[in-house]
Amino acid sequence: MQVKPKVAILATGGTIAGAIDSSVVTTGYTAGVVGVEALIKAIPELVNLADISSNQIANINSCDMNDTIWLTLSHKINELFLTDIDGVVITHGTDTMEETAYFLSLVIKSDKPVVLVGAMRPSTAISADGPKNLYNAVALAADKNAKGKGVMIAMNDKIQGARGVVKTHTLNVDAFSSPDFGDLGYIVDGKATFYNSICKACGKNTPFDVSKLSSLPKVDILYTYSNDGNAVAARALFENGTKALIIAGSGAGNIHKDQKNILKELLKQGLIVAVSSRISAGLVAVSDEDKAFGFISAGDLNPQKARVLLMLALTKTKDTKKIQEYFLKY
Ligand code: SIN
């Protein structure tokens with residue numbers, strides 16, 4: 001008899017575990033109310049794919065995601081990968097899924113696949129997308145060819161890599177894409193096909209080790225915009241303990257002059273500043289003059305992912321040149 005792959009499902013909540021007292025309503029529901037056992041029971045076909053174990057890590061709307069859950073997930077997954085588990089699936093809200101995926105891609109010390117999955121329609125909706133997405137995610141985590149692909153997202157039959165994936169639609173079931181990197185592949189009838197193998201940041205190869213950490217450095221994000229008011233906010237955040245800021249700049253990383261003047265003052269006082277962009281694709285261009293001042297380029301990472309990398313970078317160093325190297329590499 002053929003031995004089935006072993007897949008652990010770690011549940012954190014989201015719309016995939018959401019419910020509302022109507023089958024035609026797909027907004028206004030409560031995310032993170034259905035337990036992992038019920039999610040699994042709703043798809044009897046999962047047993048054909050793998051031997052499943054499960055663990056309810058949290059049951060929240062992912063807009064409330066926090067460092068404690070991230071650290072719990074990373075500790076748990078690294079532990080599971082020391083056993084005979086072949087792959088891990090994480091059920092997760094879609095709102096911050098890309099941040100959790102990128103965080104895990106930087107800290108999981110294994111080649112085994114980790115697949116995040118969610119849904120855009122609550123479990124109670126007509127044509128809920130959760131069950132099919134979860135079926136696909138388990139198929140992907142159980143797939144031998146998924147080894148070495150890093151942390152992935154399985155949504156709407158597509159496979160996306162943690163580094164490039166972005167949520168690009170508020171409500172449509174086709175809510176994720178990878179503007180700069182492209183999809184990794186797709187899943188049809190429980191079979192994954194890969195046509196791309198970008199894995200810029202795979203945990204096994206990164207210097208970031210959170211195994212002994214119970215908290216992460218505080219990094220915040222500030223937008224820049226016309227008639228900019230965030231100069232005041234930058235100072236307020238710094239005075240309240242923020243160690244570093246990601247600036248969601250305009251265009252290729254431009255910052256309103258009022259905000260920039262304050263940032264220059266705060267850089268001299270020890271604040272670390274990395275420049276990202278409000279634009280959904282492309283690199284930022286930080287001038288040599290600004291680099292000399294201490295501004296770091298976040299490259300092509302969007303603000304929410306740049307924040308993840310900067311938090312992890314600060315667990316290693318405060319040297320802006322070293323942090324810049326991390327942004328170029330990961
Ligand atoms: C959430 O992110 O938890 C709510 C939205 C979703 O899962 O689509």
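Colleague: How many bridges join strand β5 to strand β6?
Modeller: This is a predicted model, where local features need pLDDT of at least 70, side-chain atom pairs count only at pLDDT 80 or more, and totals for chains, interfaces and linings use all residues. Residues are numbered from 1 along each chain as its sequence is written, and side-chain values use heavy atoms, leaving out hydrogens and water. Ala-154 has Ile-159 in β6 as its bridge partner. Strands β5 (residues 151–155) and β6 (residues 158–161) run antiparallel, and the bridges joining them number four.

Colleague: Which strands are at the edges of the eight-strand sheet?
Modeller: Strands here are DSSP E runs of at least two residues, helices are H or I runs of at least four, and both are numbered from the N terminus; two strands pair if DSSP finds at least two bridges between them. This open, mixed sheet goes β2-β1-β3-β4-β5-β6-β9-β10. Two of its strands pair on one side only, namely β2 (51–60) and β10 (191–194).

Colleague: Which strands does helix α4 touch?
Modeller: Contact means heavy atoms within 4.5 Å. Angles run from 0 to 180 degrees between N-to-C directions, with axes fitted to C-alpha atoms, for helices over the stretch in contact. Helix α4 (residues 97–107) makes about 155 degrees with β5 in direction. Packed on the sheet, α4 touches β3 (87–91), β4 (114–117) and β5.

Colleague: In the four-strand sheet, what is the bridge partner of Ala-274?
Modeller: That open sheet is parallel, in the order β11-β12-β13-β14. β11 (219–223) and β14 (296–297) each have a single partner strand, so one side of each lacks a neighbour in the sheet. Strand β13 (residues 272–277) pairs with β14 over two bridges. In β14, Ala-274 is partnered by Ile-296.

Colleague: What is the angle between α9 and β12?
Modeller: Helix α9 (residues 303–314) lies across β11, β12 (244–249) and β13. Against β12, α9 runs at about 160 degrees.

Colleague: How are α9 and α10 oriented to each other?
Modeller: Helix α10 (residues 320–329) packs on α9 at about 135 degrees, with the axes 10 Å apart. Angles under 35 degrees count as roughly parallel, over 145 as roughly antiparallel, 65 to 115 as roughly perpendicular and the rest as oblique. The two helices, α9 and α10, are therefore oblique.

Colleague: How many nonpolar residues are in the contact of α9 with α10?
Modeller: Ala-306, Leu-309, Leu-310, Ala-313 and Leu-314 in α9 meet Ile-323, Tyr-326 and Phe-327 in α10. Nonpolar covers Ala, Val, Leu, Ile, Met, Phe, Trp, Tyr, Cys and Pro, charged covers Asp, Glu, Lys and Arg, and the others, Gly among them, are polar. No polar and no charged residues turn up in this contact, and the nonpolar ones number eight.
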